[in-house]
Amino acid sequence: MAFDLSFIWAFVILIGVAVYIVADGFDLGVGILLPFVKQEAVKDEFIDSISPVWDGNETWLILGGAALMGAFPLAYAVILEAFTFPIVVMLFALILRGVAFEFRVHSPAGHKKIWTIAFVVGSYIAALMQGMMAGAFLEGFLIGTTAQGTHFFDGKDTDWISPFSLLTGVGLVIMFAVIGIFWGAMKGNDTLKNRVLSFKKPAIFALIIVLIAIMIAMLFSTKLMPLLVGARLYLVVGSMIIIGLVLLMLLGNSMSAGKGFLLTVFIMVCGMVGYTSLFFPYIIPPSITLEMAASASSSQMFGLVGTLIMLPIIIFYLSWTYFIFRGKVIAGEGY
């Protein structure tokens, strides 16, 4: 029973993280691409495209964190201690971005540029920290054990910084830029659409180069290379091949922005499958499994009942928001 509940909770957390990466990915991508959009009116249109949904997208980040704390308290404690600095920086970046978003709309013309810069800086830092933590998570945690058998993080505060985590951080920034391109093309009018699509080829080529660099880094890593065996090898290599083929398809000019957006979402899902296969069933790689980190079965069941009540409400609310604000932004007026 305990194993089943742990497996269900792991699935809930993975779904929450995957939805967050897609949903917050394109609105972080808007901030990442904004410095390359020169006209102020087009910048306003680009930001207006995410105004009804950006804060709701971050609901999934809160859900993932709360689920981890309730279902796997050991993993929550270890990951929080190991990633204290990048988590704090990421949260400040997200707050800066949110404040800048609201203040930019109401500020006088002379202050608007400052809030635009704050929005861009917050977007880059949040995406970079998320990508670096994802890479550091794969490389694993140094775990100690007390005389009573309690596990704890026994590494250094800077363990999350490595050449591999920097690569994954840059990779996630570019990935968010790619999905932001298709979001802007899908929601924007002609000027915005043409502008963001002009970034498509350089962004996709940059992403291909970073993905190749990540694969090479894995092959030469003493921590990651041992993971590439058996079914994991096939899942990772298979995911990378599919991602590469879809990226080449996206380079074509005849595809609609909507199809491009959906294919980018498909790439991110494939990436999640390959990524998860590298550490499952460990929730604290390379030594603590889901079962070892799980809370009591009664606690997991209590939390699961609440989640099953709240999750459909969240999904309905967010789906309704996307439905109401479907279609293109009206230039100069927003929605």
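What does M249 count as, buried, exposed or partly exposed, and at what relative accessibility?

Mentor: M249 counts as partly exposed, at 47% relative accessibility. The cut-offs are these: buried is under 20% relative accessible area, exposed is over 50%, and partly exposed lies in between, with a 1.4 Å probe and protein chains only.

First, the ground rules. This is a predicted model, where local features need pLDDT of at least 70, side-chain atom pairs count only at pLDDT 80 or more, and totals for chains, interfaces and linings use all residues. Numbering runs from 1 along each chain as its sequence is written, and side-chain values use heavy atoms, with hydrogens and water left out.

Now the setting. M249 sits in helix α11, residues 230-250. Helices here are DSSP runs of H or I with at least four residues, strands are E runs of at least two, and both are numbered from the N terminus. Leaving aside neighbours within four places in sequence, M249 is in contact with M255 and L263. Contact means heavy atoms within 4.5 Å. Look back along the chain as well: L227 is 22 residues from M249, and their C-alpha atoms are separated by 30 Å.

The UniProt record, an unreviewed entry, places a "transmembrane region" feature at several spans, including 203-221, 233-251 and 263-284. UniProt positions follow the numbering used here, feature names are shortened, and annotations may be inferred rather than shown by experiment. Residues 233-251 are 95% helix and 0% strand in the model, with end C-alpha atoms 27 Å apart. For residues 203-221, the chain is 89% helix and 0% strand, and the end C-alpha atoms are 27 Å apart.

Move on to helix α12, residues 257-277, where S277 has its place. S277 counts as buried, at 9% relative accessibility. Not counting residues up to four places away in sequence, S277 touches R232, L235 and V236.

Next come two cis peptide bonds. One runs from F280 to P281, with omega near 10°. P281 lies in the loop between α12 and β3 (282-284). Another joins P285 and P286, with omega about 5°. P286 is found in the loop between β3 and β4 (288-289).

R195 belongs to helix α9, residues 190-197. It is partly exposed, with a relative accessible area of 34%. Beyond its neighbours within four places in sequence, R195 is in contact with F36 and V37. F72 is 123 residues from R195 along the chain, and 45 Å separate their C-alpha atoms.

Last, the whole chain. The secondary structure comes to 14 helices and four strands. The radius of gyration is 20 Å, close to the 20 Å that the globule rule gives for 335 residues, so the protein is as compact as a globular protein of that length. That radius is taken over C-alpha atoms, and the rule is 2.2 Å times the number of residues to the power 0.38. Along the principal axes, the C-alpha atoms fill a box of roughly 65 × 40 × 35 Å. Of the 335 residues, 48% count as buried. Take the contacts between residues at least 6 apart in sequence: 79% join residues at least 24 apart.
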